[in-house]
Amino acid sequence: MKKLLFVGNSFTYCHDLPAMLEKLSCAAGYSIQTAAVTKGGWYLERYADPDNEMYPLLHETHEQRAWDMIVLQDQSFSPAGHPERYLAAVRTLCSQLPCRERFVIYQTWAYEDGTEKLQGTGMTYQQMHEALRDACRQAAKQQNALLVPVGDAFRLCHDTRPEIGLYMPDHYHPSPDGTYLAACVFFAALSGRDPRTLDGIPDIAPDTAATLRSIARDTLQGSTKEDFACATY
C-alpha cells in the first residue's frame, strides 16, 4: 500500500481529491492511503516557515508515519506569478520533509477562460497555463519529483470538450468533474495504469466520466520522460 501525504489548499480539499483518489485507486486494485494538510489559499512558502501557524501541524502529520510520497500544491496563481518563490518553497519543503520514494508536484490549471477572475491576473488563459506548467516542470526537474500534469488535462479538455464544466461558479475552483479529472490524472501518473479502467462516481454522468478518463489517459500519453510522468500502459 502506498502512503501519500497531500500538502496544499482548497485545490486539494475541494470535493476531497485525496479521498476520491484513494477510493478510485483501491477499487482498481492499486491500494493507496492518503492524508492531507490543507488550508484555504495557503502558499507552500508558509508551510515551510517555522513561524507560520500551519508549520507545526504539517510536521506533526509528517511524523505520524513513513510517507512513500508527498504531494506539493501551491496557491493557485503563485507558480505562474512568482515562480522563484514557488521553486524556493518546494526546495525547502523537500529538504524538511523526507519521504520514502519521491515528491509529487501537483500541476494545477489556469483560471476559467474569458472570466474576470482570469483577467485579474493580467494573463491570458494560454499564458497562465504555460506559466504554471513551466514552473511545475522546473520544480519536478530540480527535485527529481513526479509531475502530475492536471493542468495539462484541464487544457486538453478546454480545447477538445469545452462543454464539460470543470470549474465551480467562482471560475477557478474545480467542480466535481474537475476533481474527478484530477483524480484520474493522479491515478495514471502514480500507478502507470490506464485511467480508462477506473469507476465513475455518482455526481458525474457516465458518459462525461468516460470522456474525462480518456482525457486523463491522453494527457499522460503526451507526457515525456522530461516531465517525470510514469505512464507505461
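The structure on the screen is a predicted model, in which local features need pLDDT of at least 70 and side-chain atom pairs count only at pLDDT 80 or more, while totals for chains, interfaces and linings use all residues. Residues are numbered from 1 along each chain as its sequence is written, and side-chain values use heavy atoms, without hydrogens or water.

**The cysteines**

How many disulfides are there? With a disulfide defined as a pair of cysteine sulfur atoms within 2.5 Å, the count is zero. C26 is in no disulfide, and the nearest cysteine sulfur, that of C184, lies 15 Å away. Select C184 next. Is C184 buried or exposed? C184 is buried, with a relative accessible area of 0%. The closest cysteine sulfur to that of C184 belongs to C157, at 11 Å, which is too far for a bond.

**Confidence**

Colour the model by pLDDT, the predictor's confidence in each residue, from 0 to 100. The mean for the protein is 95, and 95% of its residues reach 70 or more. Now select residues 228–233, where the pLDDT is below 50; beyond near neighbours in sequence, this stretch has 30 contacts in the model (contact means heavy atoms within 4.5 Å). Where pLDDT is low, the predicted coordinates should not be read in detail.

Select E112, D113, Y125, F154, C157, H158, P162, I164, G165, L166 and Y167, which line the largest pocket. On a 1 Å grid over the protein atoms alone, a pocket is an open set of points with protein on both sides within 12 Å along at least five of seven lines, a cavity is a set where a 1.4 Å probe fits but cannot get out, and lining residues have an atom within 4 Å of a point. The volume of this pocket is about 160 Å³ (the space filled by probe spheres set on the points, which are joined across faces, edges and corners). Its lining divides into seven nonpolar, two polar and two charged residues (Ala, Val, Leu, Ile, Met, Phe, Trp, Tyr, Cys and Pro count as nonpolar, Asp, Glu, Lys and Arg as charged, and the others, Gly among them, as polar).

Helix α9 (residues 150–160) gives the largest share of this lining, three residues (helices, H or I of at least four residues, and strands, E of at least two, are DSSP runs numbered from the N terminus). The buried residues of α9 include F154 and C157. The partners against which the buried residues of α9 pack are β4 (102–106), α8 (125–143), β5 (146–148), α10 (176–191) and α11 (206–221).

**The cavity**

One cavity of 30 Å³ or more is found in the whole structure. To find the largest cavity, select L72, Q73, D74, P79, Y86, Y106, T108 and C136, which line it. The space inside is about 30 Å³.

Finally, select L17 in helix α2 (residues 17–27), a residue buried at 0% relative accessibility. Beyond neighbours within four places in sequence, the contacts of L17 include Y106, T179 and F186. The last stop is A35, in strand β2 (residues 32–38). Leaving out residues up to four places away in sequence, A35 touches L4, L5, F6 and W67.

Key. Buried means under 20% relative accessible area, exposed over 50%, partly exposed in between (1.4 Å probe, protein chains only).
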